[in-house]
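Student: I'd like a close look at one part of this model, with the cut-offs spelled out as we go.

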Amino acid sequence: MTDEKIFTRNFHLSDSHTLRVYRQTGGYSALGKAFQMEPAAITEEMKQSNLRGLGGAGFSTGTKWSFIPKGSTAPKYLVVNADEGEPGTFKDRYLLERDPHAIIEGMLIAARAIESHLGFVYIRGEYVQPWRIFSGAVREAYEAGLLGKNIQGSGFDFDIVIHRGAGAYICGEETGLISSLEGKKGWPKLKPPFPAIKGAFGQPTIVNNVETLAAVPHIINRGAEWFAGLGTKSQGGTRLYSVSGHVVKPGVVEAPVSITLRQLIYDRCGGIRDGRRLKAVVPGGSSAPILTADEIDVTMDVDGLKNAGTMAGSAGVIVMDETVSIPEALMVVARFYAHESCGQCTPCRESTGWIYKMAHRIVDGKGRKEDLDTILDVAKRGAGTTICAFYDGAVGPYISYIEKFRDEFEALIRSGGGA
Amino acid sequence: MPKLTIDGKELEVAPGTNLIEAARQAGVEVPHYCYHPGLSIAGQCRLCMVDIEKNPRPQIGCNTVAGDGMVVHTQTPRVLETRRAIMEFHLINHPLDCPVCDQAGECWLQIYYMKHGLYDPRMTDEKVHKPKAVPLGPHVILDAERCILCSRCVRFCDEITGTGELGIFSRGDQSEIGLFPGKALENKYSGNVIDICPVGALTDRDFRFQVRVWYLDTAKSICNGCARGCNIEIHTSRRRPHHNQGRRIARIKPRFNADVNRWWICDAGRYGFGPVDDDTRLTSPLARAGGRQVETTWDNAIAALTAALRRHRPEEIGILASPQMANEDLVLVKRLADHLGVRTLDHRVPPKAAGDEDNFLIRADKNPNSRGAELIGLAPGAGGLDARGLLAAVAERRIKLLWVFHHDLFRSAWAEGEIRAALDGAGTLVFQGTNANAVSARAHLVLPSAASAEREGTFTNFQGRVQRFRAAIEPLGEALPDWRVLARLGQALGATDPAFAAERAEQIFATLAAAAPAFAGMSYRALGDTGARVRS
């Protein structure tokens with residue numbers, strides 16, 4: 001397995017966020033190359049690289065770009081999803097703070113590919129420091145002629161507008177983000193039409209995650225084959241894992257997507273702290289179904305985790321040792337989804353609150369034996385009935401926590417919380 | 001034209017038709033809350049799920065456009081199960097207090113629960129509490145706990161009136177409908193949000209808690225508030241007037257007509273039925289005796305008017321008909337004038353102030369039948385005078401018998417002094433109308449008319465659309481439809497036109513259709529519920 005560092009290669013350098021350091025390490029050389037390429041060739045390169053969206057859905061980036069209608073004269077927008085809000089995920093923050101020019105260069109190349117001249121960067125409102133640093137990088141890029149009109153004599157124009165979110169998780173969902181960007185309540189939109197056809201302000205729009213775009217300059221520089229070779233058959237590259245919880249060395253870890261969860265926890269993060277036993281892992285942000293300690297010999301690529309019944313999601317790895325009460329963990333996660341449901345679709349709006357009430361009651365020692373089956377039934381029947389994937393994301397933990405740790409829930413219900 | 005199959009029925013629909021409408025055309029009802037054909041697609045309630053072959057899971061019908069070759073099923077086990085689940089979600093936090101909810105009986109939560117729910121409730125935790133009985137404006141009151149957040153009202157105010165008073169605030173199960181700061185729901189069409197609210201969240205401040213809806217009777221009618229002629233239903237509580245504080249009309253609801261008002265009516269029309277039951281209604285013929293108006297019988301009143309009409313030469317008679325009257329009334333006025341040889345005949349009285357108008361439904365002309373009056377020819381004959389000339393001639397005692405239908409001339413654009421001079425100058429002043437006014441107070445003979453809600457007839461709207469209205473209630477007291485009074489007068493005067501022998505308004509309309517090219521080919525049956533355009 002490669003130890004190649006792509007995203008984090010400059011993280012150890014002081015002033016890695018500056019244009020000077022970025023250039024010293026080869027930054028903006030991919031842009032020159034991209035200006036020599038046909039837009040369609042850039043998109044093809046992305047397809048060949050097996051780069052898959054690193055925000056959560058894991059969709060092929062090149063394929064997504066190719067959805068922009070050919071020959072459309074409408075303005076096209078590139079939107080960067082920097083509304084990193086999935087619980088257990090904090091890797092985009094590092095990129096915004098430590099390698100902002102990689103994001104800008106990735107945006108420029110993507111814009112060239114989809115023939116966009118205006119990009120929006122939607123940064124989560126709580127990310128004040130990342131916003132300051134990224135804004136500084138955008139200023140520097142303008143001053144250096146890397147943004148604005150006729151960039152570096154290429155004849156290509158591109159501007160960046162930075163927009164700060166106001167604290168809603170749902171604004172990380174791409175169409176919720178678009179609604180919010182348009183000045184509306186952050187409600188996800190009905191599909192069809194898909195954003196590539198009718199997105200921000202009614203125009204063709206591509207929404208990409210921060211990390212996805214940060215990978216783009218490296219792919220242009222070193223080739224699709226190189227990137228594809230770093231990963232598995234269906235997903236190229238390395239990615240950033242946000243590892244939190246009861247490991248010895250929590251933090252952002254860059255590793256190829258072919259790494260196993262066991263390797264990630266024990267080799268890269270020093271194993272479980274204080275010599276305790278591993279109990280469970282959430283491998284891809286709070287919406288990913290939980291894995292038990294016996295289920296960690298899985299590769300961390302999109303398809304590997306999918307085959308294991310969970311998902312790679314945002315690669316937020318939440319490690320729980322034996323001291324964790326799974327019913328309490330469910331209550332916490334259920335409270336999050338009840339609080340963050342946008343309220344648009346009935347199943348999600350009404351049942352996230354109900355399930356939280358039941359989970360809370362169980363933890364309070366007032367659980368009833370039918371509660372577990374009610375939660376499972378409600379979750380299963382609501383799944384797949386809503387506009388966006390939020391509810392399906394909530395259903396991941398609801399079902400998996402109970403099905404995999406049913407004994408623990410039942411014991412708690414029987415004891416009334418006393419034991 | 002895409003051809004598709006819905007529940008085994010093949011049909012062809014217009015391009016762009018969604019699956020709810022396509023199913024409707026196939027005779028299949030797909031339950032839904034947020035979808036409304038007059039509003040944009042929201043896709044929020046998630047109830048209109050249907051199965052489409054080759055799709056891994058049910059899709060919402062409202063946002064799925066019918067495609068060629070599509071095979072749709074609305075009754076598969078998983079569609080039925082999904083509906084049941086969605087019904088349960090809708091009701092998790094909904095209060096189960098139907099007996100005290102004004103919507104009961106016409107609530108789509110009740111209807112769909114019985115059709116598509118019928119599960120045993122499992123929600124035993126405390127429900128979410130939200131504001132109740134919040135007035136949003138002069139006509140609409142909100143119970144946020146009963147709201148299912150379908151957003152129809154929000155979309156109505158955004159898309160139809162463009163006034164944007166309403167929004168959905170907060171998130172998750174704390175979400176609630178509300179007014180934006182500093183706003184009130186007081187646009188001219190605010191009452192429509194009550195109609196489109198599928199549940200008891202938005203109710204009518206005028207109507208609520210007066211009558212249970214299952215006691216209501218319904219009549220198809222036409223609003224008489226302006227020249228648009230919006231199609232309405234009049235809901236009455238005839239059998240239990242004590243439930244409605246003696247009011248016979250409980251409420252007005254819009255009735256769909258694609259060519260006139262679609263699903264909507266204005267608030268002025270919706271709440272404009274007060275005069276039908278108020279204290280100014282004329283309920284008996286009145287004759288002046290010794291300086292006072294005293295009640296008399298119809299026989300005496302008809303005899304007195306017949307004698308007066310015979311006593312005067314045609315040049316001494318002036319008739320001012322009204323565009324408030326139905327085509328059937330106006331036909332007989334015209335024919336009676338012709339029979340008598342009266343040429344001073346008109347219907348136009350300019351209002352004191354121009355009526356408000358917008359580019360949606362409301363018309364400046366506040367009369368329902370101006371177009372009908374023009375087409376039937378309620379205008380001066382050769383040598384006759386128009387309304388203004390008539391007034392002057394009465395003041396100058398050249399015209400001695402003045403017969404005014406419905407108009408309150410003191411609310412016209414004409415100077416009060418001129419009107420007073422004319423009314424004082426009339427040797428015989430006859431007033432025929434529904435409600436007393438300053439003209440009727442001066443009349444020698446007062447003939448009480450049935451209101452349009454109390455009779456049948458037709459109006460011709462500004463587009464030239466002839467539309468039927470039906471009787472919702474009985475005429476108050478001794479009041480009669482104008483055509484009936486005119487028919488009796490015609491017979492008393494020896495007129496041989498068979499229209500004067502009519503027993504029903506429909507027969508008069510038939511004579512109009514036979515005689516006037518604009519109305520050729522029309523009949524009550526052919527007009528149906530939505531009317532027909534006159535021939536130009």
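Student: Which residue in β2(A) does A:V79 stand opposite?

Tutor: A:V79 stands opposite A:F120 in β2(A). Before going further, a word on the ground rules: this is a predicted model, where local features need pLDDT of at least 70, side-chain atom pairs count only at pLDDT 80 or more, and totals for chains, interfaces and linings use all residues. Residues are numbered from 1 along each chain as its sequence is written, while chains are lettered from A and ligands numbered from 1 in the order in which they are written.

Strand β1 (residues 77–82) of chain A pairs in the parallel sense with strand β2 (residues 118–123) of chain A over 6 bridges; strands here are DSSP runs of E, at least two residues, and helices are runs of H or I, at least four residues, both numbered from the N terminus. To count as paired, two strands need at least two DSSP bridges between them. β1(A) also pairs with strand β4 (residues 205–209) of chain A, again in the parallel sense, over 5 bridges, and there A:V80 stands opposite A:N208.

What about burial? In a regular strand the side chains alternate between the two faces of the sheet. For β1(A), A:Y77, A:V79 and A:N81 lie on one side and A:L78, A:V80 and A:A82 on the other, and all are buried. Buried means 20 or more other C-beta atoms within 10 Å of the residue's own, exposed means 12 or fewer, and partly exposed is in between, with C-beta atoms placed from the backbone. With 6 of its 6 residues buried, β1(A) is largely enclosed by the rest of the structure.

Over to a helix pair in chain A. The axes of α5 (residues 91–98) and α9 (residues 210–222) of chain A come within 9 Å and cross at roughly 50°; the axes are lines fitted to C-alpha atoms over the stretch in contact, and angles run from 0 to 180 degrees between N-to-C directions. That makes α5(A) oblique to α9(A), the label left over once under 35 degrees is roughly parallel, over 145 roughly antiparallel and 65 to 115 roughly perpendicular. A:K91, A:D92, A:L95 and A:L96 of α5(A) make the contact with A:V210, A:E211 and A:A214 of α9(A), contact meaning C-beta atoms, placed from the backbone, within 7 Å.

Finally, the domain assignment of chain A, which is automatic or from a database, gives domain 1 (19–224), domain 2 (238–321) and domain 3 (326–415).

Notes:
Two residues are in contact if their C-beta atoms, placed from the backbone, lie within 7 Å.
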